[in-house]
Amino acid sequence: MSAFALLPQTAPFGDDARLSLDRVLSAASPVQRAWLAGFLAGIDAGQAPLPRVDAPTRAAEPLTILFASESGNAERLAQDVAKLARKGGFKPKVVDFADLDIADLPKHERLIVIAATWGEGEPPARAARAYADLMGESAPRLERTTFAVLALGDTAYAEFCGVGKAIDARLAELGAVRTVDRIDCDLDFEAPAAAWIKSTLDAFAPIQESSDNVVSIDFGSHASTEINRDPVAAEIIEHVNLNSSRSDKETVHLVLGFDGAVPAYEPGDSLELFPENAPILVDAVLAATGLHADDTLRRVLTRERDITTLSVKTLEIFAAETEHAEVRRLLDEGQARSWIEGRQLIDLVEAFPAALTGQQLTALTRPLPPRAYSIASSRKEVGNEAHLLIAAVRYDAHGRRRGGVASTFVADRLKTGAATRVRLKPNKHFRLPDPSTDIIMIGPGTGIAPFRAFVQERRAIGADGRSWLFFGDRRYTHDFLYQLEWQDALKDGSLTRLDLAFSRDTPQKVYVQHRIWEQRHALVDWLDNGAQLYVCGDAKAMAKDVRAALVATYADVKALSAEAAELAVVELERGRRYHQDVY
């Protein structure tokens with residue numbers, strides 16, 4: 001064998017080929033060998049583009065990206081950071097707040113936190129435990145940690161980016177060193193977040209060179225395996241109000257069809273629907289600002305801008321543009337937050353008249369975001385369709401009739417045969433378990449949507465795990481959504497149990513949490529035997545009440561203290577057996 005032979009004689013090559021390979025490999029540098037290894041791996045994976053080798057310019061430094069996400073945006077940004085960090089020579093590790101043990105936090109010496117704020121300043125449900133630990137007295141010191149925080153929020157809420165701000169301050173209190181100033185992002189976060197991520201990774205990059213270099217190999221076609229999140233066109237095939245004519249609610253069962261590729265959704269995922277503003281509201285805003293003749297602006301306000309959300313920031317911009325004394329007084333005297341409560345842009349421009357240019361009016365708005373709705377179907381049963389369940393939101397405030405932007409767009413203006421745009425929003429944290437595993441589903445109102453998909457899926461695959469559904473609404477006669485389907489599911493065995501709570505049918509209101517308590521012994525038995533629990537619906541009250549009922553259930557059935565019962569529920573959460581999709 002040649003003195004520089006690397007390949008054994010048993011290698012599956014002829015003598016001439018083996019000698020040629022030996023000559024190449026023995027003279028190759030480590031970088032060249034790494035490139036060749038990546039190239040061959042790419043061929044085996046069926047990837048045509050050649051891998052790109054980034055020149056090793058610095059040491060591979062550990063970097064932890066910690067995210068707290070409710071809708072999935074923070075998690076997606078965390079993955080974006082990891083990809084860029086890997087190309088930049090870091091060794092990134094993405095950690096979900098739900099999986100974080102606060103005692104281990106000092107091990108993460110380079111830390112980027114991406115945190116969403118939910119509702120009125122609350123952490124995402126999955127992050128609540130670790131967030132409380134971080135804010136608690138037992139949180140460890142972090143003198144060796146450097147960090148940066150990207151906060152996601154919504155200026156429509158008083159505690160804009162409140163969770164990110166609190167984490168940023170808390171890390172500093174614990175001795176960590178802030179490498180980059182925090183950025184607070186509104187719903188249109190994509191561009192500012194991307195710029196912040198780039199500058200933050202540059203700031204974290206080590207100054208010194210090191211021999212412990214990494215080679216970043218990027219296969220060009222790898223991104224093609226990712227889920228396509230581009231908006232797609234959909235046609236309304238069915239549009240049915242599931243409530244009776246005597247109900248005071250309107251819940252639309254919407255069936256979408258697709259000319260092209262159907263979004264590759266799974267049970268538990270959502271579709272983001274791109275709404276349009278009500279024409280009557282657009283016209284009122286244009287009339288109040290003296291711009292009623294601008295048809296181009298009318299189209300922009302209808303399809304692209306949010307003309308309902310009113311925030312303190314909106315008042316600040318309005319005061320700066322118009323120099324309106326009364327608006328300035330509200331701001332200076334700290335009354336702006338209370339004044340905007342329950343009001344919208346139309347109230348501002350009508351209460352404080354001022355002639356605006358189209359540019360000034362547009363500056364008072366932000367991009368019109370899509371609304372996410374849980375998918376109420378399984379492709380295994382409905383084929384190339386997607387079903388949504390949408391409750392029309394209508395209410396009165398400050399003497400004006402108002403409605404939810406997306407829900408009234410669907411209820412009032414999307415009819416059979418119309419077209420709209422939707423985008424897939426995956427939710428890997430709300431997936432069905434193994435078909436043999438029992439599931440408990442708690443979904444009052446439109447929270448029942450994903451569970452219709454769950455039952456359809458498990459029926460189609462012949463799952464042998466049991467399924468238990470808790471559903472509630474106002475009245476049995478008028479508001480029992482998908483009533484016949486659930487009754488059929490009980491008959492064919494795809495649904496094992498069904499417990500109902502109709503709050504207006506009894507003198508004392510009964511909700512799903514009351515049914516949980518009534519069935520507490522059976523519920524704990526299911527959970528003790530491995531069942532997974534799913535909750536979907538209202539986050540402000542229902543989800544909290546259901547969790548409290550579950551804690552009380554454990555305390556009673558197992559004779560536990562309140563603290564031990566709480567820990568039992570925490571163990572379900574940490575074991576990924578307690579899933580929430582709340583809004």
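Arg547, Leu550, Val551, Tyr554 and Ala555 of helix H21 are in contact, meaning heavy atoms within 4.5 Å, with Ala562, Ala565, Glu566, Ala568, Val569, Val570, Leu572 and Glu573 of helix H22. The residues of this contact comprise ten nonpolar, no polar and three charged, where Ala, Val, Leu, Ile, Met, Phe, Trp, Tyr, Cys and Pro count as nonpolar, Asp, Glu, Lys and Arg as charged, and the others, Gly among them, as polar.

The model is predicted, with local features needing pLDDT of at least 70 and side-chain atom pairs counting only at pLDDT 80 or more, while totals for chains, interfaces and linings use all residues. Residues are numbered from 1 along each chain as its sequence is written, and side-chain values use heavy atoms, with hydrogens and water left out.

Helices (H or I, at least four residues) and strands (E, at least two) are DSSP runs numbered from the N terminus. Axes are lines fitted to C-alpha atoms, for helices over the stretch in contact, and angles run from 0 to 180 degrees between N-to-C directions.

| Helix pair | Axis distance | Angle |
|---|---|---|
| H21 (residues 542-557) and H22 (residues 562-574) | within 8 Å | roughly 120 degrees |
| H4 (residues 128-135) and H5 (residues 162-173) | 10 Å | about 40 degrees |

With its axis crossing that of H22 at roughly 120 degrees, H21 is therefore oblique to H22; angles under 35 degrees count as roughly parallel, over 145 as roughly antiparallel, 65 to 115 as roughly perpendicular and the rest as oblique. H4 and H5 are likewise oblique to each other. The crossing of H21 past H22 is right-handed, whereas H4 passes H5 in a left-handed crossing; a crossing is left-handed if the near helix is turned anticlockwise from the far one by less than a right angle, and right-handed if clockwise.

Between H4 and H5, Tyr131, Leu134 and Met135 of H4 meet Val163, Ala166, Ile167, Arg170 and Leu171 of H5, and the residues of this contact divide into seven nonpolar, no polar and one charged.

Elsewhere, six strands form an open sheet in the order S14-S11-S18-S9-S10-S15, with antiparallel pairing, two strands being paired if DSSP finds at least two bridges between them. Strands S14 (371-374) and S15 (385-391) stand at the edges with a single partner strand each, so one side of each lacks a neighbour in the sheet. From one strand to the next, the twist averages 40 degrees. Helix H15 (residues 405-413) packs on the sheet, touching S9 (232-241), S10 (251-257), S11, S14, S15 and S18, and its direction makes about 65 degrees with that of S14. Within the sheet, four bridges join S11 (residues 270-273) to the antiparallel strand S18 (residues 419-425), and leucine 271 stands opposite leucine 424 in S18.
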